[in-house]
Amino acid sequence: MRVLLVEDDDSLGDAIVTGLRLEALAVDWAPTVADAEELLVATEYDVVCLDLALPDGDGLDLCRRMQVGALRRPKRLLMLTARDGVADRVAGLDAGADDYLVKPFKLAELAARIRALVRRDDQRGSVVEVADLRVDVAARRVTRRGEPIALTGREFAVLHYLAAHAGEAVSAERLLEHCWDANADDLTSSVKVILSRVRGKLGEPTLITTERGVGYRLDAL
Amino acid sequence: MRRSLRTQLVALGLAASVVPLLVLLLVVFGVEEEDESVRTGDGGVDVVADSGVSPWIPGAALVLSLASVGLVWLWAKRAVDPIEQMTSLTDDIQAGSLDRRLELDGAPTEIRELGASFDRMLDRLAASSSLERQLIEEASHDLRTPLAALAARLEVAGKRSDPDEIAADLDRCQADVDRLRSTLDLLLVSSRTRQSELEQVDNDLVAVVARVVERQLLLTPDVSIVVEAPLSLTIGVDGASVERAVANLVTNAVEHGGGAPVDIEVRTLNNAVELVVTDEGPGIDAERLPHIFDRYAGDHHGLGLALVKQVADVYGEVNAESPVDGRNGTRVTLRLRSTERFDERFGQERGRPASPNSRVE
């Protein structure tokens, strides 16, 4: 899942990005409103985590602009803030936020809330089952025929995205947009390479089929 | 036994009005009896039918007594009622919010003044409580972000297995803790300045500088600090706040000085005391220079210098220049004016450095 973090504090931003990447999420980080807008024009994020007090503007304004303006509207919006009054929560939710988290928070909770927000759209629980394959998103665990399969963060992200859209052909561009963050420039882990590794680890019979010119599909055979 | 003011006033009032009346009656009856005996002795020349007292007298006495009881009761009520009203109002205020006031406009002057004085006290209490609430809210807001960073970093470190990565995370945790500490210092000084709780006590600025330098040298023994100061220089300031400000200036100079010696000069100039801290580091960009004392300058050092500014705003001023005399470096001048006269003492040879003006390596 592709996440945009808008947070001006260097130390907190760096810690959150590192923590969420360890949770197999693709995270981009914008320290200012201007940086966030630049990224939002180009990419459709699954979740945007937005700090309210930013050096060059108010997070609430950015939030409202995301609802109407030229920016690509993220699927879900989570507000991170140091203000915890009821009025602040109401203002945030009214401006279009789907969820609200007050600093300081547990990274585990932030990651869980992000996953919960993503699940709101795909109508599936935190465990996706396709044939004998079981993807437990919350525990970040994959099993096939009860046997655990060890996947790297990127591999898990790709499999999770395919599982969340099981039965649907997902293009390589979509996988790139949702499972790779802007800083990922390791060419060795291109979509093709990662998919062949995932296929190899899942074993036979293969559950992921390639539809030439369309994309990849995870489906029960 | 404690009696109520109302009972006491009624008793006193009755005593003041009925007792003279009774005395008057006794006197009147006594005189009449004397008159009678005199007349009897005369052989009852003009024995009068209306011998004895005029019936008007007891009647008038009764009416006067009743009237005075009534008046006394009214008098006590008028004196006690505003007090009872105040009691119930203050009880209400105590139970409710500090925003309510007595506003005893209709009451007698003395009671009104008491009420007004009470209202002024409430004004002060309300102002102080709202300032306190505001400070706590700001403090919690300002502490949340560094605390969140520390918590997140610890969580990340807990998930790592590479010892190098864990060590790097711990370094960053340390930086977050330092930032929390500077935030706390700043909040403390800022709350004290805003609540006007800074004390003006005689403090030896040179001793303050010596303590700061000693601590700094423990932390960074490789950087030399050159102090030029009189033997002592007493100034009426809040010692703890000024010491924090001086410590922040020195730490800042050492951290940004690139390992070169840091120069500290304490001097008096036009009825003020100047503390000048100069480093030979790369200096500060011209566009950043006006903002280095801003609270939200962005980096962690902004907090330390913001504290200096808070203290300077109370006692004088602070300014920074960079480059210094055409060379690389930064010079920060903290000028303190005491409300009291400061007292300067030099070493035996005036102008020549004496201890603690020693060169510390």
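**Figure 1. Chain B, seen through its contacts.** In this predicted model, take the contacts in chain B whose partners have a separation of 6 or more: 71% of them come from residues 24 or more positions apart. Chain B is built with 7 helices and 9 strands. Of its 361 residues, 25% are buried.

Figure 2. Chain A has 221 residues, and 41% of them count as buried. For contacts between residues at least 6 apart in sequence, 60% link residues at least 24 apart.

**Figure 3. An open sheet in chain A.** What is the order of the 5 strands in this sheet? Reading across, they go 2-1-3-6-7, and the pairing is parallel. Strand 2 (26–30) and strand 7 (99–102) of chain A sit at the edges with a single partner strand each, so one side of each has no neighbour in the sheet. On average, neighbouring strands here are turned by 20 degrees against each other, direction ignored. If you're wondering what holds such an arrangement together, strands of a sheet pair through backbone hydrogen bonds, either parallel or antiparallel.

**Figure 4. Strand 1 of chain A and its two partners.** On one side, strand 1 (residues 2–6) is joined by 4 bridges to strand 3 (residues 47–51) of chain A, and the two run parallel. Look for A:Val6, which stands opposite A:Leu50 in strand 3. Strand 1 is also joined to strand 2 of chain A, this time by 5 bridges, and again the strands run parallel. In that pair, A:Arg2 stands opposite A:Ala26. To get from strand 1 to strand 2, the chain passes through helix 1 of chain A, making a right-handed β-α-β crossover.

**Figure 5. Helix 1 of chain A.** This helix has 13 residues and reaches 18 Å from its first C-alpha to its last, close to the 18 Å expected at 1.5 Å a residue. Its buried residues include A:Leu12, A:Ala15, A:Ile16 and A:Gly19. An α-helix has 3.6 residues a turn, so residues three or four places apart point the same way. Just after the helix ends, A:Ala24 takes a positive phi of about 65 degrees.

**Figure 6. Where chain A touches chain B.** How many residues does each chain bring to the contact? Chain A gives 17 residues and chain B gives 16 residues. On the chain A side, helix 1 (10–22) and helix 5 (107–122) each supply at least two residues. The largest share, 7 residues, comes from helix 1 of chain A. Sorted by class, the side of chain A that touches chain B has 10 nonpolar, 3 polar and 4 charged residues.

Figure 7. You'll find B:Val72 in helix 2 (residues 56–95) of chain B. It counts as buried because 20 other C-beta atoms lie within 10 Å. Beyond its neighbours within four places in sequence, B:Val72 is in contact with B:Val10, B:Gly13, B:Leu14 and B:Ser17. B:Leu9 is 63 residues away from B:Val72 in sequence, yet their C-alpha atoms are 7.8 Å apart.

**Figure 8. Two cis peptide bonds.** In chain A, the peptide bond from A:Lys103 to A:Pro104 is cis, with omega near -5 degrees. A:Pro104 belongs to the loop between strand 7 and helix 5 of chain A. In chain B, a cis peptide bond joins B:Ser322 and B:Pro323, with omega about 0 degrees. B:Pro323 lies in the loop between strand 6 (316–321) and strand 7 (330–336) of chain B.

**Figure 9. Positive phi in two loops.** A:Ala131 has a phi near 55 degrees, a positive value in a residue other than glycine. This residue is in the loop between strand 8 (127–130) and strand 9 (133–136) of chain A, and it counts as partly exposed, with 14 C-beta neighbours inside 10 Å. B:Asp325, not a glycine either, has a positive phi of about 45 degrees.

Terms used
Residues are numbered from 1 along each chain as its sequence is written. Chains are lettered from A and ligands numbered from 1 in the order in which they are written. This is a predicted model: local features need pLDDT of at least 70, side-chain atom pairs count only at pLDDT 80 or more; totals for chains, interfaces and linings use all residues. A residue is buried if 20 or more other C-beta atoms lie within 10 Å of its own, exposed if 12 or fewer, and partly exposed in between; C-beta atoms are placed from the backbone. Two residues are in contact if their C-beta atoms, placed from the backbone, lie within 7 Å. Two strands pair if DSSP finds at least two bridges between them. Axes are lines fitted to C-alpha atoms, for helices over the stretch in contact, and angles run from 0 to 180 degrees between N-to-C directions. Ala, Val, Leu, Ile, Met, Phe, Trp, Tyr, Cys and Pro count as nonpolar, Asp, Glu, Lys and Arg as charged, and the others, Gly among them, as polar. The expected span of a helix is 1.5 Å times one less than its number of residues. A crossover is right-handed if, with the strands pointing away from the viewer, the path from the first strand over the helix to the second runs clockwise.
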